[in-house]
Amino acid sequence: MSGQWDESPYRGDGQWHDDATDGAVRTDQPGTGGGSVPAPRTGGRAEARRAAQGRGGHGKSGGGRAAGGGRGRKPQRNNRKKYVAWTAAGAMVLIVAAGGALYLKLNGNIKTFDSDAISADRPPETQADANGNKPVNVLLIGSDSRSGNNSDLGGGDEGGARSDTTILLHVYADHKHAVGISIPRDALVTVPSCKLPNGKWSKELTNQMFNSAFSTGNSEEGNPACTQNTVEKLTGIRVDHTIEVNFEGFAAMTAAVNGVDVCLPNAIYENDLNEKLPKKGAEVFKKGQQTVQGKQALDYVRLRHGIGDGSDIGRMKRQQAFMGSLISKVKKQGLSPTTLLPLADAATKSMTVDPDLSTADKLLSFALSMKNIDMHDLKFITAPWVFSTTHTGRIELVHPAVDNLWATLKADRTIDGQDATGQQPDAAASPAADQASAPAAPAPAPAPAADTDGAGIKVAVYNGTTAPGMAGKASEALKASNFTVTKVATASSTNHSSTVVEYGPGMKAKADKVVALFPGSTAAASSAAGISLVLGKDYAAANGGGTTPGATAAPTVPAPLPSSVTAEARSADDDICANTTYGAGG
C-alpha cells in the first residue's frame with residue numbers, strides 16, 4: 001500500500017487518502033494526536049484464537065492447519081494476498097477516521113476575526129499575471145498577549161496584548177519567490193479608524209507607534225484586524241491574509257519541528273532577558289550556534305539586550321534569521337502530512353486568522369501552495385527607517401525609499417528591480433539592438449539630493465482621481481517630511497491625468513519642495529494663496545489605485561531601491577550566524 005498525500009489538499013474532505021498497491025502496511029500516518037497507526041503486533045488474544053482455529057500466526061503452528069495454509073497443503077499465494085488486502089483495508093479505515101478527527105480538531109482550534117472589522121476603504125485586489133497567477137500578500141503577526149498560559153511564557157504582569165513582530169510577506173505570482181518585510185514596532189504611522197470590542201469605531205490617530213494598532217481596544221486578544229487596516233493604509237497594498245500567533249502557539253510550533261537552529265555572537269545571561277534582576281545571573285544562551293525550542297526559542301526571538309545596541313532593529317534581524325531557519329527546517333523534513341499536521345495542530349491552537357483562512361483545508365492548502373519557493377528566493381528585509389529626531393526612542397520610515405519598496409511589491413518586482421522570472425524591469429527601457437554597439441555616453445554627474453524638508457510649509461491635498469485613499473496616502477508622505485497638511489479632500493474634478501502642485505504668489509520655492517517629494521509632478525502658478533497638491537492618475541497608478549472602478553492601471557516600473565536597503569536583505573538559506581545584530585556592542 002503506497003501512501004499519497006493529495007495536495008489539493010485532502011481531496012476536499014480534509015483526510016489522508018491511501019491507495020493499496022504493494023501490500024505493505026504503512027505505519028507512519030497521522031493519528032488522532034499526531035501519532036501513527038501501529039503495525040499488527042504479535043501475541044495476544046487474537047494470536048491465540050488463530051492458533052486454536054488451526055490458522056496459525058507468527059511463528060510455528062500449534063496443530064491443525066499449517067501456518068498460512070490448508071491441511072498440509074502448500075500455502076496459497078492468493079489467500080496471502082486476501083489477508084494483506086483485508087489488513088490494508090482495515091488500516092485505511094483507521095487512517096481515514098483518524099485523519100477526519102484531526103481535521104475536525106484543527107478546525108476547532110482556529111479562531112478568526114470578524115470580516116466587518118476590516119476597513120471598507122481598502123487598496124484594490126492584486127491582478128493576475130499573463131498566466132492567470134496572482135501574487136499573495138500575507139500579514140504575519142507575533143503577539144505577546146499575557147492572557148492564559150502566555151503569561152508563563154512571556155514573563156511580566158502587564159495586561160493587554162501587543163504585536164512585537166510584524167512581517168508583510170509578499171508571495172510573487174509565480175509562487176517560487178517571496179519577500180518578507182519587517183515593520184518596526186516603534187515606527188510612527190497613522191492608525192486608521194478601527195472597530196473596537198464594543199462595536200464602535202475608533203478615531204484615526206497620527207504619529208502613533210505601529211504596534212499600538214494591535215492594542216486598539218485594549219483587549220486581551222488584541223486587534224489583528226486593526227493591524228491589517230494600518231498596514232493597508234501605510235503601504236497601499238491589499239492584505240490577502242492575516243495570521244496572528246501568540247506566545248503559546250509559537251513555542252508549540254518550535255517544539256513540533258524538534259527545535260530550530262539559531263546563532264548568537266556572544267553569550268546571553270538572565271538579566272539580559274529581565275533587566276530588573278540585580279545581577280548578571282546564569283547563562284541562558286551560549287555563544288555561537290545552538291538549537292532552541294519552546295520557551296527558549298521564544299526568549300531568543302524576543303531578546304533585545306546584551307547584544308548590539310539593544311534596539312528593536314537588531315531583534316528584527318534575529319527574527320528574520322529565525323524565520324528562515326524554521327522554514328528551512330520544515331522544508332528539509334518535507335512538506336508531508338507527518339510534518340505539516342503536527343505543526344498545524346501546534347500553530348492553530350493559538351492562532352487567529354482572517355475569515356478567508358478559517359478552515360484547516362484552506363490553511364494547509366495555503367501552506368502547500370508555497371512548497372516550490374526555494375530558500376535562496378525567500379528574502380527578508382526591513383522597511384527603510386531612521387531614528388526619529390523629533391520623537392525620542394521612535395523610528396520614522398524613510399521617504400521616498402519606503403514608497404519605492406511598496407511600489408516594488410505592488411508591481412510584483414523583486415527587490416533588485418526584476419520581475420519574479422528574472423526579466424529586466426521593462427523591455428522598452430533596454431537599448432535597441434542596433435544601438436548596442438554604439439559608444440556609451442558619459443555618465444551624468446549624480447544630481448544633488450532634493451530638498452524635501454517641509455518644515456513650516458502648509459499644503460492642502462486634493463484627490464483628483466476616482467481611486468480611493470490617494471489623498472490620505474499623499475498626506476502621510478508630506479507629514480513624514482515635516483510638511484503641515486491643512487486639508488485632505490476630493491478635487492472638484494476627478495479626471496486629472498497628472499499630479500500638479502499649484503502655488504500662489506511668492507510660494508514658488510516652497511512649492512518646489514513639494515514637487516521634489518512627488519517625482520513626476522509639476523508646479524503651476526495660481527492666483528489663489530497657499531499651496532495645493534492635486535493628485536493625478538499617474539500618482540494613483542503608482543500607488544495601487546485604479547483610475548475608475550474595475551479599471552486596471554497601466555503597469556509602471558518602480559524606482560530602484562537604495563543599495564543601503566537591498567544590501568541588508570537576508571535569504572532564508574544565509575548563514576544563521578551572519579547579520580543577527582545591529583549597532584555597537586554586537
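A disulfide is a pair of cysteine sulfur atoms within 2.5 Å. The model is predicted: local features need pLDDT of at least 70 and side-chain atom pairs count only at pLDDT 80 or more, while totals for chains, interfaces and linings use all residues. Residues are numbered from 1 along each chain as its sequence is written, and side-chain values use heavy atoms, with hydrogens and water left out.

**View 1. Disulfide between C263 and C577.** The sulfur atoms lie 2.1 Å apart. The torsion about the S-S bond of C263 and C577 is about 95°, so this disulfide is right-handed. C263 has a relative accessible area of 3% and is buried, whereas C577, at 35%, is partly exposed (buried means under 20% relative accessible area, exposed over 50%, partly exposed in between; 1.4 Å probe, protein chains only).

**View 2. Disulfide between C194 and C226.** Here the sulfur atoms are 2.2 Å apart. With a torsion of about 75° about the S-S bond, the disulfide of C194 and C226 is right-handed. Both C194 and C226 are buried.

**View 3. Surroundings of F250 in the largest nonpolar core.** This core (buried Ala, Val, Leu, Ile, Met, Phe, Trp, Tyr and Cys residues joined through side-chain atoms within 4.5 Å) has 40 residues. F250 is among the members that touch the most others, as are I243 and Y300. Not counting residues up to four places away in sequence, F250 touches V245, A297, L298, V301 and F322 (contact means heavy atoms within 4.5 Å).

**View 4. Contacts of T348.** T348 is buried, with a relative accessible area of 1%. Its contacts, leaving aside neighbours within four places in sequence, are L106, N109, I110 and L363.
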